[in-house]
Amino acid sequence: MVQVVDAKEAEAMSAEDLFKKLESSAQGLTSAEAASRLQSVGPNELTVEKTSVWKMLFGYFWGPIPWMIEIAAVLSVINRDWMDFAIILALLIINAGIGFWQEYKASDALDALKAQLALKARVLRDGQWREVPARELVPGDVIRIRLGDVVPADTKLTDGEYLSIDQAALTGESLPVNKKPGEIAYSGSIAKQGEMVGVVSATAGQTFFAKTAKLVESAGAVSHFQKAVLHIGNFLIIIALVLCVLLVAVQLHRGDHFLDVLQFVLILAVASIPVAMPAVLSVTMALGALALSKHKAIVSRLQAIEEMAGIDILCSDKTGTLTQNKITLGEPVLYAAKDAQELILAGALASKEENNDAIDLAVIAGLADRSVLQRYKLESFTPFDPVSKRTEATVSTAGSAAPLVGKQGTPLPVPLDELAFSKGAPQVIFDLCGLGTAAREKAQADVLAYAKKGYRTLGVARKVAGQWSFLGILTLFDPPRVDSAETIAEAGKHGIAVKMVTGDNTAIAAEISSQLGMGTHIVPAGKFFQDGADMSHSSAQTAEAIEKAEGFAEVFPEHKYGIVKALQDRGHLVGMTGDGVNDAPALKQADVGIAVSGATDAARGAAALILTEPGLSVIIKAVEISRQIFERMMSYTIYRIAMTIDIMFFVVLSMLFFPVVDGALFYPLTAIMIILLALLDDIPIMTIAYDHTRIDPQPVRWNMPRVITVASALGALSVVQTFGLLWLGMDYFGLSKDPAHLQTMLFLQLVVAGHLLLFLTRTGKFFFQRPWPSWQLLGAIVATQVVAVLICAFGLHLMPSLPWKWIGLVWGYNIVWMIGLDIFKVGLYRLLDHTAKHHRPITEVMNRKLS
């Protein structure tokens with residue numbers, strides 16, 4: 001069977017040893033041998049096991065909340081309550097549809113990765129060069145890589161002088177990498193200059209590129225939103241089931257009819273369990289996604305909005321994210337040149353714009369007036385190569401060209417055939433100019449000083465009358481984005497630590513990090529991860545060291561994934577920004593993956609948030625909007641739990657404690673009242689998505705002990721409140737002999753108390769303090785209350801009507817209770833804050849267990 005050689009192993013081997021191991025030679029393979037190997041190793045393309053669409057869809061109908069909804073739907077059919085059945089079924093389909101669509105879109109990341117691969121390749125078969133589809137390449141094939149080619153497979157370069165490759169999308173390196181014989185050209189990288197021949201060492205799933213795709217396939221963190229909904233759902237379902245079973249047993253023991261009890265319990269369960277909760281929360285997040293789109297941020301995974309509110313670490317790719325991914329001239333170091341523009345002009349004359357070389361373009365862009373180049377005519381040009389390590393241009397001057405001057409300002413005699421310029425590796429230019437010991441030592445010190453700051457350097461020389469003179473040193477770097485420092489500072493104010501993640505060396509990373517105010521404790525990623533190690537699991541010591549680092553350099557794709565996973569294992573919610581193929585696995589694994597403007601399709605497919613304009617400032621806006629949305633979801637969740645406790649406990653306990661009223665079994669609410677109560681409660685609650693909320697200055701996340709404590713306390717007091725009105729109705733209003741009017745009064749009590757409770761749960765402060773409710777929420781509640789009052793006042797064939805004075809007394813009773821509950825709520829929040837502050841470890845342990 002044909003051997004496949006890993007990229008690192010192939011690079012360590014000599015060309016002869018690799019040919020021997022691959023059972024090939026410099027003359028390539030025969031067509032028959034290539035066909036045989038293709039049968040053995042398979043085509044050179046990414047293969048992905050896709051989950052069946054039907055299996056994916058079915059998964060959204062499986063789980064505690066779907067089970068309860070499905071049982072309720074079945075019981076509705078048994079009792080022939082077709083309206084209930086239609087409403088329940090619609091909720092079930094909406095909930096499943098939203099989740100299914102989000103998961104279905106996730107496969108886009110892998111499709112984009114496949115699109116990155118080369119389509120054609122030039123291969124030596126049967127002793128002749130031919131072009132074949134890249135998918136037909138096999139290990140041992142000899143291929144030629146030229147300018148503009150996408151490297152079709154991991155290839156050990158064996159012959160040729162020079163090849164410059166852009167592998168930024170794979171490794172994050174901001175500049176093209178110069179390759180020489182014996183080195184590996186990675187699959188998916190792009191040839192920018194030169195031409196070389198090499199032997200294919202690995203194809204398809206064995207390439208360095210394919211490891212990224214495998215990580216994308218396996219990556220993905222479970223949403224904290226999904227966990228929270230599951231915990232809340234389970235909590236409410238258990239309460240509902242226990243109380244329903246108790247009620248059925250007691251009522252049957254009292255001789256009530258089975259179908260009557262079953263119908264009542266069914267309607268009570270549907271009204272009480274959080275059937276609509278996933279839909280309400282999804283709509284809230286969908287409206288948040290719409291708001292983010294106005295700020296040029298597209299949400300591709302709804303749960304990311306909730307996760308964004310809680311991120312406390314943002315891992316940011318350097319190249320193209322914190323920096324401009326555009327090589328720029330830094331401060332020049334002058335020697336023989338009289339000023340910076342003279343030095344840059346000399347460098348520009350030793351460049352050729354049509355070669356589209358990143359360094360040449362950066363030098364030319366540094367000219368204050370590019371028209372000065374028109375004064376010179378290029379006679380000959382020698383491009384950079386890895387042997388000479390410099391470029392050289394011979395030029396002639398037009399009559400309008402300014403005369404060249406020496407150090408003393410006197411014109412120099414310049415024969416046209418002897419005017420030349422060169423730029424290249426500083427050591428080579430030093431030798432070319434024959435620098436003396438003192439001058440060389442000074443120049444070397446300058447080069448070393450800039451290298452420590454992460455700058456690349458070029459020496460520039462000019463030949464006049466056959467004599468080369470050293471003009472100075474040009475420095476090159478990838479400058480930070482204009483808004484990066486401000487964004488990082490704003491992130492700090494919002495409680496988010498930003499850690500740089502880059503494929504560049506430590507010196508470059510430390511310099512950029514220092515300029516942006518991010519700290520300079522930059523650690524090479526190789527220190528944390530050994531070759532071949534499982535990146536999904538890190539030791540406690542490694543994870544702690546990763547947590548303490550302020551940034552990471554010399555990072556490979558699997559390292560980024562491992563860094564995110566380690567930080568998540570330490571209890572952090574992690575955001576990850578990026579733009580290249582190399583970022584895709586970490587973007588998908590992160591709680592919030594953010595693809596910046598100009599990102600590759602692979603990065604966009606893996607990300608949860610896609611920025612469509614340059615810069616990172618929109619991330620801070622996204623955090624603020626997300627924290628507002630989180631507050632809305634939190635207030636609804638507390639409200640929903642409290643209302644479930646109020647309705648379920650009151651109905652069940654009142655039937656247990658008041659079994660008979662006026663000689664008949666007592667039902668505190670009729671079936672139609674419960675249905676109306678559910679509609680009047682849940683329909684206006686959708687407007688909570690528009691509510692005004694505060695922006696928390698620190699990351700927020702689901703604290704389930706706190707949520708359940710507050711909701712349960714408010715729910716328990718609401719039960720007492722409702723029992724209080726029941727007592728007033730029976731003893732003060734004399735309704736113990738009139739259960740029908742008593743039911744109407746209790747119905748109005750639950751509608752009024754429910755919506756007044758929402759005004760309390762929407763804020764941790766007193767309800768009358770800012771931020772005040774939005775007009776949409778206030779309007780919906782007022783409209784709902786008007787409908788409820790009219791139904792109770794006129795009956796409308798739904799229930800007996802109540803006198804207006806009784807309606808007014810119910811409202812007055814609830815307003816008094818609202819004030820009391822609000823005082824209790826504020827005191828409870830202060831107590832919980834005080835407890836959390838002084839017993840944080842206990843609180844964190846409880847929270848981890850629940851979330």
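Trainee: If a charge sits over a ring when NZ of Lys or CZ of Arg is within 6 Å of the ring centre and within 35 degrees of the ring normal, which residue lies over the face of W129?

Mentor: R144 lies over the face of W129, at 4.1 Å from the ring centre. Before going on, keep in mind that this is a predicted model, in which local features need pLDDT of at least 70 and side-chain atom pairs count only at pLDDT 80 or more, while totals for chains, interfaces and linings use all residues. Residues are numbered from 1 along each chain as its sequence is written, and side-chain values use heavy atoms, with hydrogens and water left out.

Trainee: OK, and what lies over the face of W772?

Mentor: That is R770, at 4.2 Å from the ring centre of W772. R770 is also joined to P771 by a cis peptide bond, with omega at about 0°. P771 is found in the loop between helix 28 (739-761) and helix 29 (775-794), where helices (H or I, at least four residues) and strands (E, at least two) are DSSP runs, numbered from the N terminus.

Trainee: Switching to rings: how many aromatic pairs does the structure hold?

Mentor: There are twelve aromatic pairs; rings of Phe, Tyr and Trp (its six-membered ring) pair if their centres lie within 6.5 Å, and planes under 30 degrees apart count as stacked, over 60 as edge-to-face and the rest as tilted. One of them is the edge-to-face pair of F430 and F470, at 5.4 Å centre to centre with 90° between the planes. This pair links distant parts of the chain, since F430 belongs to helix 17 (residues 426-433) and F470 to strand 16 (residues 467-477), 40 residues apart.

Trainee: Is F430 buried or exposed?

Mentor: F430 counts as buried at 0% relative accessibility, and F470 is buried too, with a relative accessible area of 5%; buried means under 20% relative accessible area, exposed over 50%, and partly exposed in between (1.4 Å probe, protein chains only). F430 and F470 also form one aromatic cluster with Y335.

Trainee: And how are the planes of Y636 and Y639 set?

Mentor: Their planes stand at 45° with the ring centres 6.4 Å apart, so this pair is tilted. Y636 and Y639 both lie in helix 25 (residues 617-657), three residues apart, about one turn of the helix, and both are buried.

Trainee: Back to helix 17, then: how does helix 17 pass helix 18?

Mentor: Their axes (lines fitted to C-alpha atoms, for helices over the stretch in contact, with angles from 0 to 180 degrees between N-to-C directions) come within 11 Å and cross at roughly 165°, helix 18 being residues 437-452. That makes helix 17 roughly antiparallel to helix 18, given that angles under 35 degrees count as roughly parallel, over 145 as roughly antiparallel, 65 to 115 as roughly perpendicular and the rest as oblique. The crossing is right-handed; a crossing is left-handed if the near helix is turned anticlockwise from the far one by less than a right angle, and right-handed if clockwise.

Trainee: Why is strand 15 described as largely enclosed?

Mentor: Seven of the nine residues of strand 15 (residues 456-464) are buried, so the rest of the structure largely encloses this strand.

Trainee: How many bridges are there between strand 15 and strand 16?

Mentor: Strand 15 and strand 16 pair in the antiparallel sense over nine bridges, two strands being paired if DSSP finds at least two bridges between them. R456 stands opposite L476 in strand 16. Strand 15 also pairs in the antiparallel sense with strand 14 (residues 420-424), over five bridges, and there G424 stands opposite G459.

Trainee: What about the hairpin of strand 15 and strand 16?

Mentor: The hairpin has two residues between the strands, and A465 takes a positive phi near 55° there, although A465 is not a glycine. At 47% relative accessibility, A465 counts as partly exposed.

Trainee: Where is E23 found?

Mentor: E23, whose phi is also positive and near 55°, is found in the loop between helix 2 (15-21) and helix 3 (31-41). E23 is exposed, with a relative accessible area of 58%.

Trainee: Last one: what order has the open sheet of eight strands?

Mentor: The order is 8-22-21-20-9-17-19-18, with mixed pairing. Strand 8 (297-299) and strand 18 (522-524) stand at the edges with a single partner strand each, so one side of each is left without a neighbour in the sheet. Within this sheet, strand 20 (residues 574-578) and strand 21 (residues 592-595) run parallel and are joined by four bridges, with M576 opposite G593 in strand 21.
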